[in-house]
Amino acid sequence: MSTRFLPALGCAAVLTSIPPVLGAPATPAEILARAREAAGGDGWDGVASVHYTARVTTGGLEGQVEGWDDAVTGRHLETYAIGPVTGADGYDGSTVWSKDDSGQVRPEEGEDSRLGTANEAYRRCRAYWYPERWPAEMEHAGERTEDDRSFHVIRIVPDGGRPFQLWID
């Protein structure tokens, strides 16, 4: 069970609360600078770590997720207890690992895990706002509309990761 999506939900909530400035061509840096300003601006400069907890209901089971992120390097730890299922996963800066409900810890060495962790660490250290933290290729992939809302779409490929899109309204 992976709960790596929870920090992304928080990021999506912040980034989708930006007043739209569509129509004029914009660079990814300009769009992200506006997003950062709308989400607190320079207040993010002093954030070194993030701790979060969440109540989760899935498949009729209830539980809790707790996580810690190093907001500068992207290292992270996330634990969960959902019904009878417990475990953890994390990234220590070099090794991706998981702990299953039997308590066994194992490194996750597959290519998919490596690519996914690079993306996850990139997002957790907010490298889209602080490119010196984790290099990436970035391009404005256009504007999209969904449910009567307009978005700038930024395509990002973190070093060591796979492409993903960041939609900002």
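Biologist: Which residue in β8 does His 140 stand opposite?

Modeller: Ile 154 in β8 stands opposite His 140. The model is predicted: local features need pLDDT of at least 70 and side-chain atom pairs pLDDT 80 or more, while totals for chains, interfaces and linings use all residues. Residues are numbered from 1 along each chain as its sequence is written, and side-chain values use heavy atoms, leaving out hydrogens and water.

Biologist: Why are β7 and β9 called edge strands?

Modeller: The open sheet has three strands in the order β7-β8-β9, with antiparallel pairing. β7 (136-146) and β9 (164-168) each pair on one side only. The twist averages 25° from one strand to the next.

Biologist: What is the strand order of the six-stranded sheet?

Modeller: The order is β1-β2-β3-β4-β5-β6, in an open sheet with antiparallel pairing. Its edge strands are β1 (49-58) and β6 (105-107), each pairing on one side only. Here the twist averages 15° from one strand to the next. Seven bridges join β2 (residues 61-70) to β3 (residues 76-82), and the bridge partner of Glu 66 in β3 is Thr 79.

Biologist: Which strands of that sheet does α3 touch?

Modeller: α3 touches β1, β2, β3, β4 (85-91) and β5, and its direction makes about 105° with that of β3. Contact means heavy atoms within 4.5 Å. Axes are lines fitted to C-alpha atoms, for helices over the stretch in contact, and angles run from 0 to 180 degrees between N-to-C directions. Helix α3 (residues 111-124) also lies across β7, β8 and β9, at about 120° to β8.

Biologist: Why is α3 called largely enclosed?

Modeller: Buried means under 20% relative accessible area, exposed over 50%, and partly exposed in between, with a 1.4 Å probe and protein chains only. Ten of the 14 residues of α3 are buried, so the rest of the structure largely encloses the helix. Among them are Leu 115, Ala 118 and Tyr 122.

Biologist: How do you know that Lys 99 counts as partly exposed?

Modeller: Lys 99 has 35% relative accessibility and therefore counts as partly exposed. Lys 99 is in strand β5 (residues 96-99).

Biologist: What makes Tyr 128 and Trp 129 an aromatic pair, and of which kind?

Modeller: Rings of Phe, Tyr and Trp (its six-membered ring) pair if their centres lie within 6.5 Å; planes under 30 degrees apart are stacked, over 60 edge-to-face, and the rest tilted. By this rule there are five aromatic pairs. Tyr 128 and Trp 129 are 5.2 Å apart centre to centre, with 75° between the planes, and form an edge-to-face pair. Both residues are buried.

Biologist: Which ring does the charged end of Arg 123 sit over?

Modeller: The ring is that of Phe 164, whose centre is 4.7 Å away. A charge sits over a ring if NZ of Lys or CZ of Arg is within 6 Å of the ring centre and within 35 degrees of the ring normal. Arg 133 lies over the face of Tyr 130, at 3.9 Å from the ring centre.

Conventions:
Two strands pair if DSSP finds at least two bridges between them. Helices (H or I, at least four residues) and strands (E, at least two) are DSSP runs, numbered from the N terminus.
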